[in-house]
Amino acid sequence: MPSADATVLPANVQPVKYRMALQPDLDTFTFKGEQTIDIEIVAPTARISLNAAELEVSDVTLRRNGQSIPATSVALVEDTETAVLDFGRTLPPGPAQLLMQFTGVLNDRLVGFYRSGYQDAEGNNRHLATTQFEATDARRAFPCWDEPARKAIFDVTLVFDDSLQAVSNTPIVEEITPGPGLRSVRFGETPVMSTYLLAFVVGDLVSVEADAADGTRIGVWTTRGKENQAGFALDTSVNLLGYFNDYFGIPYPLPKLDHIAIPDFAAGAMENWGCITYRETALLVDPENSSAGTRQRVAEVVAHEMAHMWFGDLVTMEWWDDLWLNESFASWMGTKSVDWLFPDWEMWTQFVNMDTNRALSLDGLKNSHPIEQEVKNPAEVSQLFDAISYSKGASVLRMLENFLSPDVFQKGLFRYLKANEYSNARTQDLWAALEEESGLPVTSIMDSWVKQTGYPVLRVEAARNPNDVQVSLSQERFVYDRLLGDEEPNPEVWQVPVSISAGGAAQVSAVMGGKENAIALPSTAPPQDWFKVNSGQTGFYRVNYSSDDWERLAPAISAGHLPATDRLGVQNDAYALSRAGLLPITQFLELAGSYVGETDASVWSDLASNLRDIEQLIAGEPVHTAYQRFGRELFGPAAMRVGWTPRDGEGHLDSLLRSTVLGQAGSYNDEETLAHAGDLFRQYLENPETVHPDLRGIVFSLAAQGGDRTTYDQLWDLEERTSMQEEKIRLLLAMSRFQDVDLLNDTLESSLSNRVRSQDTITVVAGVATNPKGRLPAWQFVKNNWVEFDRRYGGGGFGLMRLVSIVNSFTTNEQRADVEQFFTDNPAPAAERTIRQALERMRLNIRWLELNRPAINSWFGL
């Protein structure tokens, strides 16, 4: 349970069933509602407290045994977001009903019950009403016990304009006409579930539907005119439902599963049980105009949200400190299921790039947090939606599955789900189920990964003998601030599943339970005398070799003797170690040269990300020109190999590879790449069909990189003419690539105007901040408009966290002091940890440049 001082409701009353009717008004952007809540009074009380925020509550009555007791007062407490109902007498234990009416506003902040505006196919301005309740915003739509363990049944009725449609968690079971021009629809009762999983959407919606193998009706809903973009998500969902039913061993329990594309949506998607909501770019695929990257993202998000139907919805964490039980499992299972459905996408290599390495980067900060994190109030809840709860958790689950074996892991998950279905669970319940199934000490192993911050770096030394290689391992916590010289005691120890692959030899595995360990490998002769610790990057840790063994890995990488996932991991470890002062940066740059012949899309993507990271730090340095030449020499050959034209027989990963290497070569000002992008942009202006969707993002961005005011106006014209959200995002991101600061400032000003959706504003600002020319203008723009940013995103958490992160690349003490002072004067509780992380990153950047500037200059011949 939460700690004693956490913001939780008294346990003296428990909800059993909500019967509610809501009527949204899309002209006045208000709603009214009434509800009867079946409750169980557990202990005598004169007051009943439940959550309510931004609502007016009236006509409150308690009914029991045929007697009605009106509330003598209703106190709405803004700080705690509660309504305290006082009945003027002690209410004895037993069942009762709580009746009330309420009104609220369909807000424009993308939380609670909110409005979303869009233009229909005829160019008319329209609105729909929709919900986003996770983590603590159901209370903005109706008074409720808005905590994950206060599960109840929901019986929802919606009243709305009869020209519209309504969707909720369950199918419609009754419909009447309550008055002229109105429809009233009642949805079937939900299973017992948490408030944050309830959803309802009202608008001019259309659906494309199909039945899954088990008879479940699957629907994909869009605003009218976009239903032709629903097919890919529908097919993916139908296929995945069968996989999930088989894997979990518990059939999906609802009669239908709807996926709904919302024009304005704060996150990527939300796992409302049976009624999943998405931003359009995470659900819709235009058969003619969507890229391979978009198809993959849609498959990943649909899979992630469907996995939640079991992990999160059927079994819910008891309190928010176990949020990772939801998000990590959905991230891990989403990858596993997409890998099953699209095996040629090589999802586990992509997972290491997109999830494991992202989490390792964040968790190397002193200001990270454990996977299992104490939560006391809603602001702290929102800060948990980060790479630790999603990606680190998913990575340690992958590590655990690899350690236990997939079969044992699957059986343990079934045991856990079956024991806790329609209820709540804690982390230890999962470990107990896996421990019982495997007979192994899962709890003691995993506590070291979920209860303490960070992860280890394994220092590796090898003694080569005629008959074997003795590998000595020692572990300590990996932290970037070793760079600062702040040596601290290092008491942490992790139970580390270690696997080692060696050239031409079988893999060797062991569990490292202490600070040191030794493993014997078979002896191999050059050039196969290399070995690689953390085979397949299944472990959540970094590895640092001796200088000789780093050098032995380089030719194995060049020759492709290591699998792609291991090639990816080697350079990522080397870069991280160089950022922490544990390896010379020049050693990473030398190693990068081994990848010039690389063919894997994920390896190139991860290497490109690390090289961009360096470029952000040296963008203002004299060495930058030489660094860009190095980048051209590294990416140029790959760009030449893939070319601009897809070849017969190419697959999904070839499309991703082309986007990565051409985009990176162009960013390093490769003249041939920029010239070809310019030619394609001019062709696109004449006829968009001449440029393949996989290339459009690169073409737009590189045209902007070398463009002027005319190019800028052309991009805006294209953005305003397309109705496809995916294309709009490509164009908006391209506008962050101009080198003219005046154009970047214009883009920033537009980001808060009605030219850009509220959900996309932060994407635009962050894009400008990634451009070295736009870094300071973007920060100044955020400071100048902080009141509006805080109004829009301050309550939602992850939006503000992304906005704060635009300062992560600052490299001077003056910039760091400015950021620190600004957030001292303008506190942002929903991003408090992110602010601390940003300040830490800036301190590391400053010190890294001081230490590495001479070596980099020398390496590049300056």
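Which residues in H14 meet which residues in H15? In this predicted model, Gln628, Phe635, Ala638, Ala639 and Val642 of H14 meet Leu657, Arg658, Val661, Leu662, Gln664, Ala665 and Ser667 of H15. By class, the contact of H14 with H15 has eight nonpolar, three polar and one charged residues. Helix H14 spans residues 624-642 and helix H15 spans residues 652-667, and their axes, which come within 8 Å, cross at roughly 145 degrees. The crossing of these two helices, H14 and H15, is left-handed.

Charged side chains were examined next. Side chains of opposite charge can pair when their charged atoms come close. A search of the whole structure finds 60 salt bridges, among them a pairing of Asp137 with Arg140 at 2.5 Å from N to O. Asp137 counts as buried because its relative accessibility, at 7%, falls under the 20% cut-off, and Arg140 is likewise classed as buried because its value of 12% falls under that cut-off. Both of these residues belong to a network of salt bridges that also links Glu54, Glu81, Arg109, Arg139 and Asp146.

Two further salt bridges also join buried partners. The side chains of Asp258 and Lys256 meet with an N to O distance of 2.8 Å, and both residues are buried. In helix H19, which comprises residues 725-734, the side chains of Glu726 and Arg730 form a salt bridge with an N to O distance of 2.3 Å. Glu726 and Arg730 are four residues apart in that helix, a spacing of about one turn, and Glu726 and Arg730 are each buried.

Thr316 is assigned to the buried class because its relative accessible area is 1%, which is under the 20% cut-off. The side chain of Thr316 makes a polar contact with the side chain of Lys151 at 2.9 Å. When neighbours within four places in sequence are left aside, the residues in contact with Thr316 are Pro148, Lys151, Ser194, Tyr196, Ser423, Asn424 and Ala425.

Key:
Residues numbered from 1 in each chain as written. Predicted model: local features only at pLDDT ≥ 70, side-chain atom pairs only at ≥ 80, totals over all residues. Heavy atoms only, no water. Salt bridge = Lys/Arg side-chain N within 4 Å of Asp/Glu carboxyl O. Buried < 20%, exposed > 50% of the residue type's maximum accessible area, 1.4 Å probe, protein only. Polar contact = N/O pair within 3.5 Å; in protein donor to acceptor, adjacent residues only side chain to side chain. Contact = heavy atoms within 4.5 Å. Axes fitted to C-alpha atoms, helices over the stretch in contact; angles between N-to-C directions. Left-handed = near helix turned anticlockwise from the far one by under 90°. Nonpolar A, V, L, I, M, F, W, Y, C, P; charged D, E, K, R; others polar.
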